[in-house]
Amino acid sequence: MTALLPASDSRSAMLRAVVSRSALAEGAARAVAAAGAGVADLRRDAWGHGLLETARIAQRAGVDAVRVDGADEVALLAAEGIVATCERRPDLDPALFYGLPDASATVAGEPAMSAVGRVLSTKDIAAGSGVSYGYIHRAPVDSRLALVTGGYAQGVVRALGSRASVEIDGVVHPIVGRIAMDVCVVDIADAEVIPGAAAIFFGGRGPLAAGLAEWARITGMTPGELAAVLGQRTERVWLD
């Protein structure tokens, strides 16, 4: 996952919604296999995954139609030869379609979306020192912190502060303190973490592939709602 966001690209420091075409295609195929050709729910910009590309993938998977939010989207997709509707009820399982975790944190296949930020910097922290706004977290022991891109402006919900985690170089580290507008702070203990390393909030193939399930438990929102918010507030990157 580190290679998804080249360190030489300054824009890559921002939190991104990385969407895998292959994972989405596999999810669409699973949903169609489970229920037959039906109506896929592509409202809210395809749940944050990107309407047009997701609609193309859904069509190739054999869906009968896609449900969208309005007449403009129906016309947009009609120009692509894709049947869209604002009336028909979606009947394909969105968890299968998008690779979203269920209540038991199980994902069928690979999640289509990953939320990927960057480590901006690291610093030591002494036991008893406070972290982020209001110092709601104080280090219980001497440790080391990483400043990571991704905050509430991009859909990393404030309630996740001191309760959720991120994956850096395959290791899961806790977010500590309050979530800021564009960044959060992670306790990396004695891990060797360098600035520029990818920080995965959820998705991918690593230990936080089903991380949206924990976000849902903490926030009371659904995995679909959380993905839709983040996907529409960040730069979207498509991978094959």
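This is a predicted model: local features need pLDDT of at least 70, side-chain atom pairs count only at pLDDT 80 or more; totals for chains, interfaces and linings use all residues.
Two packed helices are described by the angle between their axes and the distance between the axes. Helix α3 spans residues 51–61, and helix α4 spans residues 71–78. Their axes lie 11 Å apart and form an angle of about 55°. The two helices are therefore oblique to each other. The crossing of α3 with α4 is right-handed. On the α3 side, the contact involves Leu51, Leu52 and Ala55. These residues meet Glu73, Leu76 and Leu77 of α4. Five residues of this contact are nonpolar, one is charged and none is polar.

Strand β7 covers residues 137–138 and contains His137. The relative accessible area of His137 is 17%. Buried means under 20%, so His137 counts as buried. Which residues are in contact with His137, leaving aside its neighbours within four places in sequence? They are Ser129, Gly130, Val131, Ser162, Val176 and Gly177.

Helix α6 runs over residues 211–219. Its buried residues are Gly211, Leu212, Ala213, Trp215, Ala216 and Ile218. An α-helix has 3.6 residues a turn, so residues three or four places apart point the same way. Gly220 follows α6. The phi of Gly220 is positive, near 85°.

Definitions and conventions:
Residues are numbered from 1 along each chain as its sequence is written. Side-chain values use heavy atoms; hydrogens and water are left out. Axes are lines fitted to C-alpha atoms, for helices over the stretch in contact, and angles run from 0 to 180 degrees between N-to-C directions. Helices (H or I, at least four residues) and strands (E, at least two) are DSSP runs, numbered from the N terminus. Angles under 35 degrees count as roughly parallel, over 145 as roughly antiparallel, 65 to 115 as roughly perpendicular and the rest as oblique. A crossing is left-handed if the near helix is turned anticlockwise from the far one by less than a right angle, and right-handed if clockwise. Contact means heavy atoms within 4.5 Å. Ala, Val, Leu, Ile, Met, Phe, Trp, Tyr, Cys and Pro count as nonpolar, Asp, Glu, Lys and Arg as charged, and the others, Gly among them, as polar. Buried means under 20% relative accessible area, exposed over 50%, partly exposed in between (1.4 Å probe, protein chains only).
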